[in-house]
Amino acid sequence: MGMRKVAVVGAGMTRFVRRSLETGKELSWQAAKMALDSCELTLDDVDGVCLGTAPDSFDGVHMKGEYVSDGAGAWGKPYMRSYVGGGTGVFTPIQGWYHVASGLFDVVLVVAEEKMSSYYPHAQAAFLTIFDHTTERALKPNLLWIFALEMNRYMNTYGISKEDIARVSVLHKRNAAEHPCALLGDATISVQDVLDSEVLAWPVQRFDVSPVSDGAVAIVMAAEHVAKRITDKPVWVQGVGWHLDTSYWTNRDLAYPRYVEYAARMAYDMAGIKEPRKEIHIAEPYDPFDYKALHHLEGLQLAERGQAPQLYIDGTAERDGDLPICPSGGLLGVGNPIAAAGLMKVAELFWQIRGEAGGRQVPGQPRRGIAQAWGDLMQVGTVVIMGR
Amino acid sequence: MTAKIKHFPGTSLSESDFSEGKVLFTYDEMRGEFAWDTGIGIGAYLAGLKRGQILGAYCPSCRKTVVPPRVVCEWCFRPIEQIVPLQDTGIVNTFSLCYVTWDMQRLTQPEIPAVVEIDGASPLHGILHKLGEVDPQQVHVGLRVQAVWKPEDERQGAITDILYFKPLEEQQ
């Protein structure tokens, strides 16, 4: 297709916290500066800026992309904000990728920012507008409903127990204990702790859910000829994919994320991957809820339908297992500042593949990883594959 | 890189920093009011609800019956012209026992949101609604249910014209 090779050459992030002193602009700048410093570039080297951030309703700010633009380094540059719900954090680097792959730009700064704490009394209410205003919102739904409904359907279709799903939360929160930016890392949490946590919307309990958070992440993407001058260890974007399922979410199979499958197949085709289970060494599926990681692993073709819990039961998913899953700690452990959380997964692949992940490092010099996010009423799938 | 960095930016605040005035903040309320047109497909659906009827739409090209009705088929992108009446019964596709409200206040008696597959629609095609007149512990996937309607003179042409779905009599 005449596309140029694109590498990630730098990354940076802030701590993920329940509520930050810094504004969205300030968080964006901190992450962007760290990303540029990490590859010894300055803003003068950047041709364009891509920003990812979730709905304006969180911040109560109109055109949030423009609002945080100074912190993101966008002043005086081509700038675009993308938004596909929770899938944004993995879509924004796809946008950066096609800016560079197309030959338009040589160096792109990709920033994802989220400040969820401003919304009162709880950010959950900002999500209510995703329900149809006429046929659903009149029922006074809350956001947990859709997850509880989907989780219950998933459990029922395949006969999966709450215990098996709780293992996901446990592993991710334990992994996050090694992450210096994590909000909910916990090295000693057990399955029983998850099962004993408060029931919010059965089958969803408190520890099944990722926390509302503030934070920002940034990466630097560069064309091949530039990337090779910048670093000896560029991490190449090998495949990207995105896909959308129906917005009539009650008219489709809730037990299987078809939109993730199609996005993943697009990315696998681009990367020339025929057998994902052998060729992917690290997976960072989107895990705002623990069952969601399982659901997405199946959509990513890394497990048969209904078999993803087995990866956690037999240790495959652990950091030193055959297919480490969310070695970062994921959204359940590190935190879930929506757009920033997705880009955190891409940054984690960058650090893991370069061997720079410190206490979180997956052994055996992993060569290739996949990051995925999902958005809106469980219908947007976004996927990035990166490798050496 | 992360391994080399010892100090990450980002300063954590707690609720008490606000309540005790340790940080400055601005509080404001925004209020938005909207009146949404129902459109053609949903307009027909709501008119049907007012009559005590759940309507779907049939695409002859895809041979699918979807609910609620709409004017275009997502699958073939052809117009859907056949609005068809469905039953007011169905089966529980999935459900939740929800103990919190939208703003995270706690409930002692759970709400029971459910996706109900409507009889007459294609398989796995349902609507979001709530269950009632049922012991929460007795609800299960596959439960057959029937709509409980508001009295005719109180119906407004809204999804709430169905109060909730309850288990079908024959099972109890």
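Tutor: We take the terms one by one, and the model is a predicted one.

Student: How do you know what confidence the predictor has in chain B?
Tutor: Chain B averages a pLDDT of 93, and 97% of the residues score at least 70. The scale runs from 0 to 100. For the complex, the predictor gives an ipTM of 0.92 and a pTM of 0.95.

Student: What makes A:Pro327 count as buried?
Tutor: A residue needs 20 or more other C-beta atoms within 10 Å. A:Pro327 has 30 C-beta neighbours inside 10 Å, so A:Pro327 is buried. It sits in the loop between helix H12 (308–313) and helix H13 (330–333) of chain A.

Student: What does A:Pro327 touch beyond its sequence neighbours?
Tutor: Its contacts include A:Asn175, A:Ile282, A:Glu348 and A:Arg360. A:Arg360 is 33 residues apart from A:Pro327 along the chain, yet their C-alpha atoms are separated by 6.2 Å.

Student: Why is H5(A) called largely enclosed?
Tutor: Count its residues: 12 of the 16 are buried, so the rest of the structure largely encloses H5(A). Among the buried ones are A:Trp145, A:Phe147 and A:Arg153.

Student: What do the buried residues of H5(A) pack against?
Tutor: In chain A, they pack against strand E5 (199–202), strand E6 (204–205) and helix H11 (290–299). In chain B, they pack against strand E4 (89–95), strand E5 (97–100) and strand E7 (113–118).

Student: Why are E3 and E9 of chain A said to stand at the edges of the sheet?
Tutor: Nine strands form an open sheet, in the order E3-E2-E4-E7-E1-E8-E11-E10-E9. Strand E3 (79–82) and strand E9 (282–284) each have a single partner strand, so one side of each lacks a neighbour in the sheet. The twist averages 25° from one strand to the next.

Student: How do you know that E2(A) and E3(A) pair?
Tutor: Pairing takes at least two bridges. Four bridges join strand E2 (residues 48–52) to E3(A), and the two run parallel. In one of them, A:Val49 has A:Tyr79 as its bridge partner.

Technical notes: Residues are numbered from 1 along each chain as its sequence is written. Chains are lettered from A and ligands numbered from 1 in the order in which they are written. This is a predicted model: local features need pLDDT of at least 70, side-chain atom pairs count only at pLDDT 80 or more; totals for chains, interfaces and linings use all residues. Axes are lines fitted to C-alpha atoms, for helices over the stretch in contact, and angles run from 0 to 180 degrees between N-to-C directions. Two residues are in contact if their C-beta atoms, placed from the backbone, lie within 7 Å. Lists of a residue's contacts leave out its neighbours within four places in sequence.
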